[in-house]
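Subject: Structure for your files

Hello,

Here is the structure I said I would pass on. My notes on it follow below.

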Amino acid sequence: MTSAPPRGIDERLRDTRARLEDDIDVWVATAGHAGPTGSAGAHLVPLSFLWDGTAFLVSTPRSSVTGRNLLADGRVRLALGPTRDVVVVDGTAEPVDLADLAPGTGDAFEAKTGFDPRELDEPYQYFLIRPRRVQAWREANELRGRHLMRDGRWLG
C-alpha cells in the first residue's frame, strides 16, 4: 500500500490518456452464450490495439471465441496496466471490414502493434471499440473518483 495521496481528476485523465496512447496491449473480456451460435461464454484474451483518440481498434480471428463473442454481442470490457495502476473500459465493439478501414489505419495499426493481420492467411476481423465508461485507480484510496467517463463522455 502507498501513502501517496489520491490523484485528482486532471492527473488521472492525463495518466489515462497517456496509457491509451502508449500501451500496445489490452486485456479484452467478452461474453457469449454457449449454444448453436458458436459462442463460448465468458472469455478473456490479450490483444494489441491502436487508440485513435476516441476508440480502440483491435483485430482477432473471426473464428476465435473473442471474434465470435464480439460478432454476437458487442459488449466488451477492457483492462490496461498493472493491478496497482489499472484502467478499466466498458464499451461496445462493432466489426470493421478491411475495405472499410480509413486510409492508413491498417498501416498505423501495424506500426503501433508490430502485427499486421492483413498479411495472414486466416481471416481476421477488425473491431472498433467505443468506450462508454472509463475508470482508473491505483490503490483503495483512489476508488472514490475513479470514474473518468460516463455514457461515452469524458468527465472533468
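The side chains of Thr-30 and Asn-69 are joined by a polar contact of 2.9 Å (N or O atoms within 3.5 Å, where within protein one must be able to donate a hydrogen and the other to accept it, and residues adjacent in sequence count only if both atoms are side-chain atoms). This is a predicted model, in which local features need pLDDT of at least 70 and side-chain atom pairs count only at pLDDT 80 or more, while totals for chains, interfaces and linings use all residues. Residues are numbered from 1 along each chain as its sequence is written, and side-chain values use heavy atoms, with hydrogens and water left out.

Thr-30 belongs to strand E1 (helices, H or I of at least four residues, and strands, E of at least two, are DSSP runs numbered from the N terminus). Thr-30 counts as buried because its relative accessibility is 4% (buried is under 20% relative accessible area, exposed over 50%, partly exposed in between, with a 1.4 Å probe and protein chains only). Not counting residues up to four places away in sequence, Thr-30 touches Gly-41, Ala-42, His-43, Thr-66, Asn-69, Leu-70, Arg-75 and Val-76 (contact means heavy atoms within 4.5 Å).

Leaving aside neighbours within four places in sequence, the contacts of Ser-48 are Ile-24, Asp-25, Leu-57, Val-58, Phe-109 and Thr-113.

Phe-109 turns up again among the rings: ring pairs link Phe-109, Phe-115, Tyr-124 and Tyr-126 into a cluster (rings of Phe, Tyr and Trp, the last by its six-membered ring, pair if their centres lie within 6.5 Å; planes under 30 degrees apart count as stacked, over 60 as edge-to-face and the rest as tilted). The count of aromatic pairs comes to five. Two charged ends sit over rings: that of Arg-17 over Trp-154, 4.6 Å from the ring centre, and that of Lys-112 over Phe-49, 4.4 Å from the ring centre (NZ of Lys or CZ of Arg within 6 Å of the centre and within 35 degrees of the ring normal).

The whole structure has 14 salt bridges (a side-chain nitrogen of Lys or Arg within 4 Å of a carboxyl oxygen of Asp or Glu). One of them joins Asp-15 and Arg-138 at 3.2 Å, N to O. Asp-15 is in helix H1 (residues 9-22) and Arg-138 in the loop between E7 and strand E8 (147-150), 123 residues apart. Asp-15 is partly exposed at 27%, as is Arg-138 at 31%.

Arg-19 and Asp-85 meet in a salt bridge of 3.3 Å, N to O. Arg-19 lies in H1 and Asp-85 in the loop between E5 and E6, so this pair ties together parts 66 residues apart in sequence. Both pairs fall within a salt-bridge network of Arg-7, Asp-15, Arg-19, Asp-23, Asp-85, Arg-138 and Glu-142.

Regards
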